[in-house]
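Subject: Structure for your review

Dear colleague,

Please find the structure below, together with its sequence.

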Amino acid sequence: MGKRSRQRKKEHQKNSKPGGRDSRDNAVGLGCHHTGYADIVKENKLFETYYKELGLVPDGEFDQFMESMREPLPATIRITGYKSHAKEILHCLKNKYFKEIQEVEIDGQKIEAPQPLSWYPDELAWHTNMSRKILRKSPLLEKFHQFLVSETESGNISRQEAVSMIPPLLMKIEPHHKILDMCAAPGSKTAQLIEMLHADMDIPFPEGFVIANDVDNKRCYLLVHQAKRLNSPCIMVVNHDASCIPRLQIDSPDGGKDTLFYDRILCDIRIAVRGVEQLAVGGRMVYSTCSLNPIEDEAVIATLLEKSEGALELADTSAELPGLKWLPGVSKWKLMTKEGQWYNDWSEVPANRHTQIRPTMFPPTDAEKLAGMKLERCMRILPHHQNTGGFFVAVLVKKAPMPWNRRHPKEQLSSSVAQPEASPVETPLPGLPLEDGEGGEMGVKEEAAEISPKEAEAGDLIKEAKVCGPPPNKKMKLHGFKEDPFVFLTADDPVFPPIESFYDLCPDFPKINVLTRTHEGKKRHLYIVSKELRNVMLNNSERMKVINTGVKVLSRNSDGEEFGCAFRLAQEGIYTLFPYIRSRIISISVEDIKVLLTQENPYLSKLEDAAHQQAKQIGMGSIVLRYQPDNSSSDGPQCPIELCGWRGKTSIRAFVPRNERFHYLRMLGVEVFRDKQGQGPGTRDGEEKVDGEEKVEVKVDGEEKVEVKVEVKMEVEEVVNDGEEGVETENGIKDGSIKDELKEVKIEATST
C-alpha cells in the first residue's frame with residue numbers, strides 16, 4: 001500500500017469515529033467546536049465594504065441583502081412550456097400534489113406549499129423551500145419527490161435556478177429565429193430556447209433552430225442529455241471555444257453562399273464581442289452574469305456600446321416581465337483592489353497595475369456619451385427582493401453592422417468573394433487583458449477554423465487593395481471524444497421505399513433531412529433534423545465539431561423485416577414523424593391507454609370495441625396508438641397523445657420508456673408510487689433499477705388500488721459505429737445521447 005493510500009485509509013478511519021465526518025449533521029449552532037467539517041464562515045468584510053461603498057443596495061436593505069446571501073437558494077422547477085402536456089402537468093401539480101402538501105405537518109409544523117414565480121408566464125415556474133431531508137419524512141412528500149424526478153427525466157419538468165430563467169424570456173423567441181447559445185452547458189436555458197421554438201406543436205419543423213455551444217467537451221454531453229429530453233429536430237450541440245466560434249456559411253436562395261447571422265444570441269462576459277459580430281442586424285443579444293459587480297456588468301456593456309459606434313443599443317425591457325423586481329443599471333462606480341485600495345478613475349491607477357486594471361473597467365468620462373448609453377436599462381436583481389440569486393441582465397439590439405465588420409465598397413472587391421471580417425485591435429474587455437498571440441478587439445481570438453479558398457482569395461485581394469484585413473486564421477483544434485459521422489441520406493436511398501410503403505408516408509416527407517451515424521454497414525437508427533440545420537451541417541462540416549443533433553425517428557428491428565419493414569417507430573421522434581404517417585394508426589380511448597400501460601402484453605380483445613376493430617385490420621409490426629381528446633367532455637387528458645406500439649399476432653404492446661409511461665398514467669388519474677423497499681440491493685434512494693423488479697403502488701381515479709410489479713429491461717444501445725465494432729467511451733456516451741431507451745417495460749397487476 002502506497003503512502004497516499006495509507007493516508008486516505010487513516011483519514012477515513014478518523015472521520016468514521018464519533019464527531020468525525022459522519023456526525024457533522026449533529027453539530028448544533030454556529031461556531032460549534034465539534035470535530036469534523038468546520039462550519040463555513042459566510043463573512044467577507046472586503047465584500048461588504050465594496051458593495052456598501054458603491055451603494056448598489058438601497059438604503060436600509062443591506063442587512064437583508066447579506067442575510068439573504070447566506071441562506072440556501074429555494075428549489076425551483078419549470079414546466080416545459082412547448083409541449084401540449086404542459087397544462088395537464090400544471091393541473092396535476094396544483095390540484096393534487098400541492099393540495100396534499102398543504103395538509104402535511106413535519107415535527108408539528110405545517111409544510112409551506114410551493115408557490116408560482118409571479119413573473120414567469122402562465123404559472124409554469126414554481127419554487128419551494130422544502131429540503132431533501134424534509135421530503136424523506138413524509139410518504140406524501142416522497143410521492144411528490146418521485147413525481148418531480150420522473151417528470152424531469154421525461155423532459156416535462158426542468159429543475160432550474162429562478163434567475164437563469166430570465167434571459168430566454170427577454171429574447172422574445174419566435175419559431176423562425178436562428179439562435180446561438182454560446183456557453184450553453186448544463187443546458188437549462190437551452191431547453192427553454194427549444195421550448196419557445198416549439199410553441200406551436202402543430203408545426204413539427206419550425207424554421208428556426210438552436211445551436212448550443214460549450215467549450216468543455218465533457219459538459220457538452222450533459223448539455224446533450226438536457227436537450228435530448230425535449231426530442232427536437234431543431235437543436236445542434238457543438239464544442240468550441242466561444243470566443244473564437246467559427247463563422248458559418250449557409251446556402252442562399254440564389255444558389256450562392258451567405259454568412260450565417262443569428263437572430264438571437266445568449267452570452268456572458270468574455271464572448272460578448274464574438275456574439276455581436278455574429279448577430280444579425282435587428283437581432284437581440286442577451287448578456288447576463290451571476291455577478292452584481294459593475295466591472296463584470298455595466299462596464300462590459302458600456303465598452304460594447306462605445307466600440308459599436310451606434311451599431312448597438314440597450315433595449316428597454318422594463319415592461320416585459322411584470323412581477324419581476326429589479327433595479328436599474330448604474331452609471332457610476334469605482335474600483336477596489338483585494339487589499340482595499342480604491343481608484344476613482346484610470347488616472348489614479350499606478351503604472352505597475354496597468355496590466356491588471358484597464359481603462360474600460362471605469363465608467364466613460366464623457367458625461368454626454370454616458371447618458372446616451374442608457375445604462376439604466378440594464379436589470380439588476382438582488383437576492384433579498386424575491387428570494388433568488390443575484391443576477392445582472394442586459395438586452396442589446398443590433399442596429400447596424402459592427403464598425404470593424406462593415407463591408408468595403410463593392411467596386412474594391414468582387415461581390416462573388418466571401419470577405420472575412422476583421423476586429424479592431426484595441427483595449428480588452430474589463431478584467432480581460434490581451435494574452436500573447438491573441439488578436440482581435442478586447443482579447444477576442446480570431447476565428448479558429450481552416451481558411452477556405454475563397455477566404456484566401458479575399459485575403460489576397462485585400463492585400464492588393466491595401467485594405468486592412470484580419471490576421472491569418474488558425475487551424476481549428478478539436479479535443480475530446482471522436483464522434484461518429486453524421487451522414488445524410490439521399491432521397492433515392494434504398495432504405496426509404498419499404499418505410500414509405502409500410503407507414504404510407506406523405507409525399508412531402510423530407511427524406512433528405514434524414515441522417516444516420518455510419519458510412520458503411522447496416523443503418524441501425526435514423527435521425528431527422530430540420531432543413532435549416534441540414535443546410536448548416538452540409539456547409540460547415542470541416543469547421544465545426546458537432547457533438548449531437550437530430551431526433552431519432554426509426555430504429556432497426558430484425559423481427560420487422562418479415563412483416564415488410566425493418567424499421568420500427570421510435571417514441572422519441574413520434575411527435576415529429578406522426579404528421580407524415582397515414583397508416584398503421586389505431587385510435588385509442590383513456591381506458592385503452594390504461595390497459596396498454598398497466599398490462600404486460602394484453603390480448604387485442606382487452607381493447608375497447610373501436611380500437612379492437614381497428615387493430616384487427618392492421619398486420620403485425622410497428623404501430624401508432626393515438627388518443628384524441630373529446631372537446632365536449634372534461635374527462636381525460638385535454639391534449640393529444642401518440643404512443644409507439646407493436647401489433648403482435650393476437651396481442652398488442654406499447655413501447656414507451658418507463659418514466660413516460662408513468663407520466664401518461666398520472667395524466668389519466670393513475671397514481672404511481674414506487675415502494676422503496678421494492679428496490680433491489682445496491683440501488684440507492686432515487687436511483688433507477690435496471691433489469692429487475694420493483695413494486696409500484698397504483699391508485700386509479702382515487703379509488704381502486706392496485707399493487708403492480710414493474711419488470712424493467714434496459715436496452716443500452718451499443719456505443720459503436722452503426723454496423724461496426726467499436727469502443728465505448730469512458731462515460732458510456734459516443735453519439736452524444738444518453739442511451740436510456742427502455743426496450744420493454746412490463747407492468748402486471750397482481751392484486752386488486
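A polar contact, as the term is used here, is a pair of N or O atoms within 3.5 Å, of which, within protein, one must be able to donate a hydrogen and the other to accept it. Please bear in mind throughout that this is a predicted model.

Annotated positions

By that criterion, the side chain of D214 makes a polar contact with the backbone nitrogen of A185, at 3.2 Å. D214 sits in the loop that links β8 to α9 (217-228). With a relative accessible area of 5%, D214 is buried, because buried means under 20%. Beyond residues up to four places away in sequence, D214 touches M182, C183, A184, A185, R219, C220, V238, N239 and H240.

The unreviewed UniProt entry lists D214 under "binding site", along with C183, A184, A185, P186, G187, S188, K189, D241 and D268. Such annotations may be inferred rather than shown by experiment. Two further positions from that record were examined. K189 belongs to helix α8 (residues 188-197) and is partly exposed, at 24% relative accessible area. Residues up to four places away in sequence aside, K189 touches Q160, S164, P167, P168, D181 and L266. D241 occupies the loop between β9 and β10; its relative accessible area of 26% makes D241 partly exposed.

In soluble globular proteins, nonpolar side chains tend to be buried together. The largest nonpolar core in this model has 135 residues, and I211 and I301 are the ones that touch the most other members. The greatest contribution to this core comes from helix α4 (residues 86-102), which supplies eight residues.

The contacts of I211, not counting residues up to four places away in sequence, are I179, L180, D181, M236, V238, L248, L260, Y262, L533 and V536. One of these, Y262, lies in strand β12 (residues 262-267) and is buried, with a relative accessible area of 1%. Apart from neighbours within four places in sequence, Y262 is in contact with K178, I179, L180, F209, I211, L248, Q278, L279 and A280. Y262 and H177 are separated by 85 residues in sequence, whereas their C-alpha atoms are 7.5 Å apart in space.

L533 and V536, both touched by I211, are among the buried residues of helix α16 (residues 531-539), which also include E532, N535, M537 and N539. The buried residues of α16 are covered by elements including β8 (209-213), β9 (235-238), β10 (249-251), β11 (257-259), β20 (487-488) and β23 (546-549).

A four-stranded sheet

Four strands form an open sheet in the order β4-β5-β1-β6, with antiparallel pairing. Its edge strands, β4 (115-116) and β6 (157-159), each pair on one side only. Two bridges join β4 to strand β5 (residues 125-128) in the antiparallel sense, and Q115 has H127 of β5 as its bridge partner.

Cysteines

How many disulfides does the structure hold? It holds zero. Two cysteines were also examined for burial: C92 is buried at a relative accessible area of 14%, and C506 likewise counts as buried, at 15%.

With kind regards

Methods
Residues numbered from 1 in each chain as written. Predicted model: local features only at pLDDT ≥ 70, side-chain atom pairs only at ≥ 80, totals over all residues. Heavy atoms only, no water. Disulfide = S-S within 2.5 Å. Buried < 20%, exposed > 50% of the residue type's maximum accessible area, 1.4 Å probe, protein only. Contact = heavy atoms within 4.5 Å. Core = buried A, V, L, I, M, F, W, Y, C linked by side-chain atoms within 4.5 Å. Pairing = 2+ DSSP bridges.
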